[in-house]
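Have a look at the model first, then read on.

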Amino acid sequence: MEILIRDTPEAGAQVAASVVNKIINSKENPVLGLATGGTPLRLYKELIRMNQAGELSLRNCTTFNLDEYGGLPPEDKRSYNYYMMSNLFSHVDISRDNVHLPDGNAQDLREACRKYEKQIKDVGGIDLQVLGIGANGHIGFNEPTGSFASRTWVKILSEQTIQDNSIYFDKLEEVPRHVVTMGIATIMESRHCLLLANGAKKADAIRKMIEGPISASCPASILQMHPRVTVVLDEESAYLLTLKDHYKWIEKNKLDWQRY
Ligand code: PGA
């Protein structure tokens with residue numbers, strides 16, 4: 001894993017935007033996997049700024065989001081469809097025909113999940129998957145002890161995640177129990193993963209992900225088996241890492257072409 005530690009979340013968002021920019025410029029039709037939640041907001045702000053300044057274009061990009069709540073229509077302000085429109089898509093030059101989110105509101109959820117997997121396959125897979133991490137180590141909405149072989153499917157949120165995400169809802173009871181999420185195997189097939197984390201609340205999950213054993217108890221730990229992962233952390237989320245100085249040493253001594 002490539003571990004990049006920055007003093008602040010803002011500095012982390014800058015380096016994350018450089019990773020995204022590099023992928024976009026490396027291919028004619030890049031495919032991006034995107035995430036929601038509080039963490040990627042600074043990255044999306046930076047991508048919007050770069051797009052509006054003419055430094056980056058999303059015109060040829062196709063996107064697939066990680067997950068969506070069950071039972072919320074796309075126009076619901078708490079849906080991830082709405083989040084993506086208001087925090088990224090409506091401000092940049094991406095074609096609406098090229099953006100995809102799991103359909104958590106489909107009549108036939110099982111068919112919608114199969115279709116999503118096929119759509120990803122049909123465009124040749126995901127070049128760069130942006131990820132956040134839950135305080136319990138989840139990636140996407142793949143909660144602890146779920147299968148590492150999982151595909152896009154209907155999942156039930158853990159009580160901790162419901163609690164964590166209730167800040168985006170008026171009442172805890174309004175947080176949907178069912179979600180549709182890319183599976184761990186779907187995420188592992190992306191060619192490059194970019195995981196972002198900020199704040200002391202994520203420090204324990206980050207330590208388990210990077211330095212713990214690979215275990216379904218911390219779903220993100222499977223990324224140790226992925227050939228290309230970049231982890232961008234602020235100092236607070238990195239504070240429990242035993243080998244923090246080592247990761248900084250590695251970064252300092254990288255060759256120029258290995259830097260972002
Ligand atoms: P957050 O969520 O960015 O809102 O902390 C991350 C996640 O649950 O994956």
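The points below go from the overall fold to a few charged pairs.

1. A word on the ground rules: this is a predicted model, where local features need pLDDT of at least 70, side-chain atom pairs count only at pLDDT 80 or more, and totals for chains, interfaces and linings use all residues. Numbering runs from 1 along each chain as its sequence is written, and side-chain values use heavy atoms, with hydrogens and water left out.

2. The chain has eight helices and 10 strands, taken as DSSP runs (H or I, at least four residues; E, at least two) and numbered from the N terminus.

3. Of the 260 residues, 53% are buried, meaning under 20% relative accessible area; exposed is over 50% and partly exposed lies in between (1.4 Å probe, protein chains only).

4. On to salt bridges, where a side-chain nitrogen of Lys or Arg sits within 4 Å of a carboxyl oxygen of Asp or Glu. The count is 20. Lys27, Asp127 and Arg191 are linked in a network of them.

5. Arginine 42 and glutamate 10 pair up at 3.0 Å, N to O. That joins helix H2 (residues 41-52) to helix H1 (residues 9-26), with the partners 32 residues apart.

6. Which residues does arginine 78 bridge to? One is aspartate 76, at 3.1 Å; another is glutamate 174, at 2.9 Å. Glutamate 174 and arginine 78 are 96 residues apart, and both lie in loops. Aspartate 76 is buried at 17%, while arginine 78 is partly exposed at 28%.
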